[in-house]
Amino acid sequence: MASKIIGQSMPNIPWEERPSSGDLVWRYSRNPVIPRDLIPCANSIFNSAVVPYKNEFAGVFRVDNKSRNMRIHSGRSRDGFKFEIENEPISFVCSEPEIATFVEGYDPRVCRIEDRYYLTWCNNYHGPTIGVAYTCDFKKFYQLENAFLPFNRNGVLFPRKINNKYLMLSRPSDTGHTPFGDIFISASPDLIHWGCHRHVMSPRAGKLTWQCTKIGAGPVPIETTEGWLMFYHGVLTSCNGFVYSMGAALLDIDKPWKVIYRSREYLLNPRQIYECVGDVPNVVFPCASLQDSDSGKIAIYYGCADTVTGLAFCYVDEVIDYLRANSEL
């Protein structure tokens, strides 16, 4: 029986048919879907989050400005291909002055839970940690407490409660360009207090592979009939620096810290000019996905060379079939 997505149908999902190459994951032929200079202040726009919103699309976008400050901006799109991004960064409503002082923000994810859209991002509070906020309209954003102590990155929420708890993936980190990193999962009763930390996956240590240095969760996990499909990035340390690629894993539906399958090979890696050349070369960094439960289509937004945003496509049943046949736990 083919694996299916559990969730809403999305007949307007941005989509392009597979080219003759027959790749499991294929790129949008007109990438980058978001250029680096879409708004006047931008040096680069990448590692951004897109969600369905009122029969169209909305999101939060990492915009590094021409002073090279890292900021997050809201934006919208009618079709998921052409975006309008606000010129000014998000100004959060926050009742707690201690955390309201904004230093920088980057690599956002957006997750709809019930009637709110929750934003998580790498927030600087005496070092990188996970900021949390919510919005209902992508105009006003209300900042909550930071989820964890420094240092942490890649905070990604699950789209519903599991065993009556909110769950978030993250990667404990350090102050800089972390040369290590495992994926962990944490639980919360209220999106404020976090605990019950569980280990999910480690890098492929001990041998040179595409994911031997560090790994981190990408888009919001996708609920399927087989478990939670999690796309993630893996990093290899080459003689010329880090190389970021994308893989996938299938997690247990009730205990998502238990890995069922994990891709032995990458599904997408830097090979196009816009992925290999930019402010940080050789980066494919998935941050968001859209999925249609009726057709099994998945569209993935990913950062390219820390400069622009790309779009890629796949089918859920093909990815899970691939994981079954090509898994290495």
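Q: Where does Asn164 lie?
A: Asn164 sits in the loop between β10 and β11 (166-172). Helices (H or I, at least four residues) and strands (E, at least two) are DSSP runs, numbered from the N terminus. This is a predicted model, where local features need pLDDT of at least 70 and side-chain atom pairs count only at pLDDT 80 or more, while totals for chains, interfaces and linings use all residues. Residues are numbered from 1 along each chain as its sequence is written, and side-chain values use heavy atoms, with hydrogens and water left out.

Q: Why does Asn164 count as exposed?
A: Its relative accessibility is 60%. Exposed means over 50% relative accessible area, buried under 20%, and partly exposed in between (1.4 Å probe, protein chains only). The value 60% is over 50%, so Asn164 is exposed.

Q: What is noted about phi of Asn164?
A: Phi is near 65 degrees, a positive value in a residue other than glycine. Most residues other than glycine have a negative phi, and most peptide bonds are trans.

Q: Why is Phe138 called buried?
A: Phe138 has a relative accessible area of 4%. That is under 20%, so Phe138 is buried. Phe138 lies in the loop between β8 (128-135) and β9. Its phi is positive too, near 60 degrees.

Q: What does the side chain of Thr307 reach?
A: It reaches the backbone oxygen of Ala305 at 2.7 Å. Thr307 lies in the loop between β20 (297-304) and β21 (308-315). At 5% relative accessibility, Thr307 counts as buried. Contact means heavy atoms within 4.5 Å. Not counting residues up to four places away in sequence, Thr307 touches several residues, including Arg36, Phe46 and Asp279.

Q: Which residues are buried in helix α3 (residues 316-325)?
A: They are Val316, Val319, Ile320, Tyr322 and Leu323. They cover an arc of only 155 degrees, which puts them on the same side of α3. The arc is that of the directions from the helix axis to the C-beta atoms. An α-helix has 3.6 residues a turn, so residues three or four places apart point the same way.

Q: What do the buried residues of α3 pack against?
A: They pack against β16 (228-238), β17 (241-251), β18 (259-262), β20 and β21.

Q: Why does Val235 count as buried?
A: Its relative accessibility is 0%. That is under 20%, so Val235 is buried. Val235 is found in strand β16.

Technical notes. Polar contact = N/O pair within 3.5 Å; in protein donor to acceptor, adjacent residues only side chain to side chain.
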